[in-house]
Amino acid sequence: MTAAPHLRLESIVKTFGTFTALKGVSLDIRRGEFICFLGPSGCGKTTLLRVIAGLDPQSGGTVWLGDRDVSRLPPSARDYGIVFQSYALFPNLTVHRNVAYGLKLGRAAERERVNELLALVGLPDAGPKYPAQLSGGQQQRVALARALAPSPGLLLLDEPLSALDARVRLHLRRQIRELHRRLGITTIMVTHDQEEALTMADRIVVMNNGVIEQVGAPDEVYRRPASPFVADFVGAMNFLPGVLEAPGRVRLGEHNFECGGDHLSAAAPGAAVTVCLRPEDVQVRAAGGANTIDAVIESLEFLGPFHRARLAADGLGDSRVTADLSANLVRDLSLESGCRLAVTLPRERLRVFEAAR
């Protein structure tokens, strides 16, 4: 018997005047999951988080927390903690008082709880300090401790790392994930950073224009994008125009390529399609057999552990293929601009979508 979801969203609609920010969003979130709402600015991800929090009540639909309909309840009755991008700490209160702000405990119990939480986020000695005496990363950890203070059933994170520099962001990303593993609290994080979503989430909810495009584990969303939008937004991707020849076969330029049948849409043979392939899936060292073509390297961009090559493939006309080649491969084969080489577009890595009309 499947356990009931910890949080259920049913046909959530949110309008602002004539603008519809959420268009009938439905989603089930299991207890203890770490969920990332991922998408570009304006896609509705923060609006959906605020609907869950009761900060922006929905225009239609229902929000369930366990077996309770909380759709019309105020934020204070929804059992969550929230961390904002801007930290939202009280500058005139010490760190101790900020963390203790929502607690209703005796003095000794409060002190014990605050000390426990500050130790949990790695700031055991910060209690007497004021927010202005802390770095941005430390302030965000205090905000996290404050959100966890009342032991909420749900933790909401609204782009909590976007205002921090890359090194601090990486450290806090790991710390938040470790806290989640230790506490097991159901967590929803809004982000526009695909790397954050891929490394932190149990499941990613990819949003676009007020709707959910795909829900899945990080590897599923990355390897098997459900739409061209997801393919384009999550990771780098080649998009090659082609024609569907038959189930499991597409034509790109002058070449016929095999592709996995489970990747095909319901398009009929002869339909215009878009073929998608990740740059790291282009094979060079193991090139040969089906789906192999000759190409010339037009440019080679150094990106540290790998080089990004722009390939002009014979028979593909104006289409160009981007390939990510390891530094070892580039060195071993002495690859540089102008080199010719054989490349394979692996059948199982090609995803095919009906072309936009």
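Colleague: In what order do the four strands of the open sheet come?

Modeller: The order is β2-β1-β4-β5, with antiparallel pairing; strands here are DSSP runs of E with at least two residues, helices are runs of H or I with at least four, both numbered from the N terminus, and two strands pair if DSSP finds at least two bridges between them. Please keep in mind that this is a predicted model, in which local features need pLDDT of at least 70 and side-chain atom pairs count only at pLDDT 80 or more, while totals for chains, interfaces and linings use all residues. Residues are numbered from 1 along each chain as its sequence is written, and side-chain values use heavy atoms, with hydrogens and water left out.

Colleague: Which strands sit at the edges?

Modeller: Those are β2 (19–29) and β5 (68–69), each of which pairs on one side only.

Colleague: And how many bridges join β1 to β2?

Modeller: Eight bridges join β1, residues 7–16, to the antiparallel β2, and Leu-9 stands opposite Leu-27 of β2.

Colleague: Which strands does helix α1 lie across?

Modeller: Helix α1 (residues 45–53) lies across β1, β2 and β4 (60–65), and runs at about 115 degrees to β1; the axes are lines fitted to C-alpha atoms, for helices over the stretch in contact, with angles from 0 to 180 degrees between N-to-C directions, and contact means heavy atoms within 4.5 Å.

Colleague: Switching topic, what is the volume of the largest pocket?

Modeller: It is about 510 Å³. A pocket is an open set of points on a 1 Å grid over the protein atoms alone, with protein on both sides within 12 Å along at least five of seven lines, a cavity is a set where a 1.4 Å probe fits but cannot get out, and lining residues have an atom within 4 Å of a point. Grid points are joined across faces, edges and corners, and a volume is the space filled by probe spheres set on the points.

Colleague: Which residues lie nearest the centre of that largest pocket?

Modeller: Of its 16 lining residues, Tyr-80, Gly-81, Ile-82, Gly-102 and Pro-150 lie nearest the centre, and β6 gives the most to the lining, with three residues.
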